[in-house]
Number of protein chains: 2
Amino acid sequence: MQNATLYTQVRPAGGEMTSVLVRDGRIQALGGPAPAGVEIVDGGGALMLPGLIDAHAHLDKTMYGMPWYRNEVGPRLIDKIENERAEKKRLGIDPYRQSARQLVMSIGDGTSHIRSHVDVDTDIGLAAIEGVMRAREQYRDQIDVEIVAFPQSGLLIRPGTLELMDEALRMGAEVVGGLDPAGMDRDPKGHLDAIFGLAQRHGKPIDIHLHEAGELGAFSMQMTIDRVLALGMQGKVTLSHSFCLGMPDTQAVQALTEGLLKAGVHIMTTGSASRPVPNVARLHAAGVTVCTGNDGMRDTWGPYGKPDMLERTMLVGLRNNFRRDDELELALHVATYGNAQVMGLSDYGLAPGCRADFVLVDAETVAEAIVSRPVRKLVVKGGRVVARGGRALAEAP
Amino acid sequence: MQNATLYTQVRPAGGEMTSVLVRDGRIQALGGPAPAGVEIVDGGGALMLPGLIDAHAHLDKTMYGMPWYRNEVGPRLIDKIENERAEKKRLGIDPYRQSARQLVMSIGDGTSHIRSHVDVDTDIGLAAIEGVMRAREQYRDQIDVEIVAFPQSGLLIRPGTLELMDEALRMGAEVVGGLDPAGMDRDPKGHLDAIFGLAQRHGKPIDIHLHEAGELGAFSMQMTIDRVLALGMQGKVTLSHSFCLGMPDTQAVQALTEGLLKAGVHIMTTGSASRPVPNVARLHAAGVTVCTGNDGMRDTWGPYGKPDMLERTMLVGLRNNFRRDDELELALHVATYGNAQVMGLSDYGLAPGCRADFVLVDAETVAEAIVSRPVRKLVVKGGRVVARGGRALAEAP
């Protein structure tokens with residue numbers, strides 16, 4: 001039997017001990033006998049999780065591997081955006097090198113797929129898109145990367161950006177990004193018209209950073225829902241952060257939730273500890289698809305973060321006051337199947353027929369894996385081992 | 001020169017590279033030449049931090065080293081309290097063994113001092129106090145433990161508890177604990193009278209768990225402030241959690257802050273991600289002493305936590321939206337000097353004359369140490385090495 005490996009003594013999703021047969025990059029069977037000639041890998045009783053997914057990254061921004069950056073940035077969103085544009089040049093934050101570094105760390109931590117927003121603006125043009133594309137090509141057998149063309153510095157307020165976005169999508173960016181239609185561009189109608197126009201023209205989905213809180217965010221969210229319904233883009237739009245869903249007016253949140261469900265709009269939350277956040281359990285119970293990601297990792301915006309989706313899952317759990325095991329299992333569901341749904345991965349999971357993207361960790365239960373964040377014993381991507389003992393086999397530049 | 005060690009190539013608090021001379025358990029000098037015959041330890045350029053302090057632990061509750069506990073507890077505070085009393089017996093959560101396990105982990109993570117609340121109730125009587133006292137005696141050369149006699153199940157609503165608290169203080173518990181004067185005992189005046197009475201009779205400080213949020217918490221906080229002033233107990237009282245300081249009414253918070261300052265009442269925050277929390281920067285700027293601790297670690301209340309005060313400092317930073325280096329340095333100040341002040345440690349720090357309690361980590365800056373939480377390279381307590389490479393030299397039961 002060619003290209004086949006039997007992983008014995010593993011517990012998929014914390015269930016009963018079994019074996020998993022992998023052939024030609026896919027999971028072929030669970031629990032069957034070892035076919036003749038198959039390579040056998042003893043899992044040692046490890047918990048098997050599907051490949052972790054980071055559905056909201058900024059690969060081009062990280063400063064991993066660079067000298068420590070002393071952060072003295074001001075408190076407003078615009079302070080951070082302007083500081084970043086200046087520091088990118090001053091410090092030489094190279095999009096290829098930096099995204100490659102984060103990819104290698106992510107592989108070591110068991111991440112199989114990443115959706116990365118990548119800056120497009122009139123200062124750097126398409127250099128970040130090109131850099132991240134180069135890195136994803138280099139590590140294509142170890143991790144899948146989806147690119148969102150992201151107008152970080154604004155779309156309409158910086159003429160020329162829309163044309164660059166259009167070009168980024170022609171080059172192969174898979175998703176149209178947006179940013180605070182009211183708060184950033186000061187023109188919610190114009191901003192949404194522009195990005196929905198790009199999406200329609202290129203036949204691509206949308207992922208909007210919506211930091212706007214309270215009633216302003218609710219306004220932009222409702223405008224987005226209306227456009228999705230008018231254009232028939234159900235299931236194709238994600239609203240990232242969506243702090244407005246953490247506002248105290250529960251009736252307004254309920255009305256928005258019903259709109260999100262009807263329009264099939266997905267919600268991305270990082271479980272931010274310092275902002276109002278969407279309630280993961282309530283959205284999930286209502287039927288809205290919730291996804292999560294690490295967001296910026298050690299960049300000019302802030303120093304936090306390891307690109308470890310188990311740590312992110314813990315932070316989502318802490319923010320949502322998840323204490324019970326079933327609650328933590330929901331948090332991991334968000335970081336795996338929720339993310340896979342948002343990214344449109346059809347053959348994701350631990351069932352026969354799925355791509356063999358999985359992680360082995362020493363943990364008794366799913367909840368223990370989240371709160372203990374053990375070193376990833378083995379990471380398999382497309383049937384091939386890509387990391388052992390927390391370290392990717394691939395090298396970073 | 002006897003009992004002397006020179007730590008070379010270290011950067012105290014992230015400052016200039018220097019050497020630190022330790023003799024007879026204390027820091028004797030920074031930056032001088034090596035005296036003859038002194039043992040030399042090369043710090044390799046490591047960052048030197050003062051011993052980390054956990055000013056709010058529950059050593060008797062942790063389930064570290066026990067089989068995974070599947071948590072199915074209900075949502076209310078009383079659910080968790082009643083669940084814990086039942087599970088303690090059913091599962092055999094032994095206070096000595098469990099506190100010893102957490103102490104050994106804490107030593108490995110560079111913690112030099114712990115204030116631990118320890119349950120006193122009419123079910124277990126003083127067994128938890130005795131257990132934690134036994135563990136602290138065993139590890140007394142590696143870590144200092146201060147014990148708060150804590151009426152976890154209520155004071156007045158469970159007759160007999162007050163007498164047990166009195167006995168715990170006679171046995172050597174250093175601090176009088178309290179819990180939600182209104183929310184738990186349903187008798188704020190009675191509760192505060194009782195614990196201030198104990199404190200006066202025994203000449204001991206007070207540390208009250210104040211989960212009560214909003215206006216109810218503000219009421220209990222103000223009653224506490226009034227008693228402190230009336231009894232002249234300035235500087236002797238800590239209010240732990242103090243979620244009420246996270247309420248939206250900033251004028252009310254300002255008035256309380258002025259009261260706290262006048263009464264020298266300290267505030268302990270864990271940086272809870274799911275509750276309203278005190279604003280660390282504003283309290284500190286106002287002159288209120290803020291301290292922090294890990295609270296319960298993997299117990300029947302919830303599965304989270306490593307007893308690592310750098311991780312706690314990170315969580316406090318995340319909750320307070322600290323992004324700048326100076327903000328993260330404040331968070332570490334809270335977890336070191338703030339905690340030391342609350343615990344009344346007079347010879348704490350990295351200056352000559354201080355007890356030689358310190359930690360070496362590989363990190364460029366204080367902020368990097370917090371966000372990266374590197375393995376503790378070397379931990380020194382009272383001039384003696386107590387942990388290397390993240391592991392305590394002492395064994396756990």
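Copies of a chain are superposed here by least squares on the C-alpha atoms of residues with pLDDT of at least 70 in both. The structure is a predicted model, in which local features need pLDDT of at least 70 and side-chain atom pairs count only at pLDDT 80 or more, while totals for chains, interfaces and linings use all residues. Residues are numbered from 1 along each chain as its sequence is written, chains are lettered from A in the order in which they are written, and side-chain values use heavy atoms, with hydrogens and water left out.

Two copies of a chain are related by a rotation about an axis and a shift along it. In this model, chain B is superposed on chain A by a rotation of 180° with 0.0 Å of shift along the axis, and the RMSD is 0.0 Å. That is the relation of a two-fold axis. Among the residues of chain B, Ala273(B) comes closest to the rotation axis, its C-alpha lying at 2.5 Å. The same surface serves both copies, since 100% of the contact residues of chain B recur in chain A; contact means heavy atoms within 4.5 Å.

The sheets come next. Helices (H or I, at least four residues) and strands (E, at least two) are DSSP runs, numbered from the N terminus, and two strands pair if DSSP finds at least two bridges between them. Strands of a sheet pair through backbone hydrogen bonds, either parallel or antiparallel.

In chain B, 8 strands form an open sheet with parallel pairing, in the order β5-β6-β7-β8-β9-β10-β11-β12. Its edge strands are β5 (52-57) and β12 (290-291) of chain B, each of which pairs on one side only. Within this sheet, strand β10 (residues 237-241) of chain B is joined to strand β11 (residues 266-268) of chain B by 3 bridges, and Ser240(B) stands opposite Met268(B) in β11(B). Helix α4 (residues 161-171) of chain B packs on the sheet and touches β7 (144-150) and β8 (175-179) of chain B, its direction making about 150° with that of β8(B). Helix α5 (residues 188-202) of chain B lies across β8, β9 (206-210) and β10 of chain B, at about 175° to β8(B). For these angles, axes are lines fitted to C-alpha atoms, for helices over the stretch in contact, and angles run from 0 to 180 degrees between N-to-C directions.

Strand β7(B) is mostly covered, with 6 of its 7 residues buried; buried means under 20% relative accessible area, with a 1.4 Å probe and protein chains only. Strand β6 (residues 111-119) of chain B runs parallel to β7(B) and is joined to it by 7 bridges, with Ser116(B) opposite Ile147(B).

Chain A shows an open sheet of 8 strands with mixed pairing, in the order β3-β2-β1-β4-β13-β14-β15-β16. Here β3 (26-30) and β16 (391-392) of chain A are the edge strands. Strand β1 (residues 4-12) of chain A runs parallel to strand β4 (residues 39-50) of chain A over 7 bridges, and Leu6(A) has Ile40(A) as its bridge partner. By contrast, β4(A) and strand β13 (residues 358-361) of chain A pair in the antiparallel sense over 4 bridges, with Leu47(A) partnered by Val361(A).

Ser242(A) lies in the loop between β10 (237-241) and α7 (250-263) of chain A and counts as buried because its relative accessibility is 0%. Beyond its neighbours within four places in sequence, Ser242(A) is in contact with Leu210(A), Met221(A), Ile267(A) and Pro278(A).

Leu310(A) belongs to helix α9 (residues 309-319) of chain A and is likewise buried, at 0% relative accessibility. The C-alpha atoms of Leu310(A) and Ala369(A) are separated by 7.3 Å, although these residues are 59 residues apart along the chain.

Arg298(A), in the loop between β12 (290-291) and α9 of chain A, counts as buried at 14% relative accessibility. Its contacts beyond neighbours within four places in sequence include Trp68(A) and Pro303(A), together with Glu368(B), Val371(B) and Ser372(B).

On a 1 Å grid over the protein atoms alone, a cavity is a set of points where a 1.4 Å probe fits but cannot get out, and lining residues have an atom within 4 Å of a point. Grid points are joined across faces, edges and corners, and a volume is the space filled by probe spheres set on the points. The count comes to 1 cavity of 30 Å³ or more, and the volume of the largest cavity is about 80 Å³.

How values were computed. Buried < 20%, exposed > 50% of the residue type's maximum accessible area, 1.4 Å probe, protein only. 1 Å grid on protein atoms, 1.4 Å probe; cavity = no way out; pocket = protein on both sides within 12 Å on 5 of 7 lines; lining within 4 Å.
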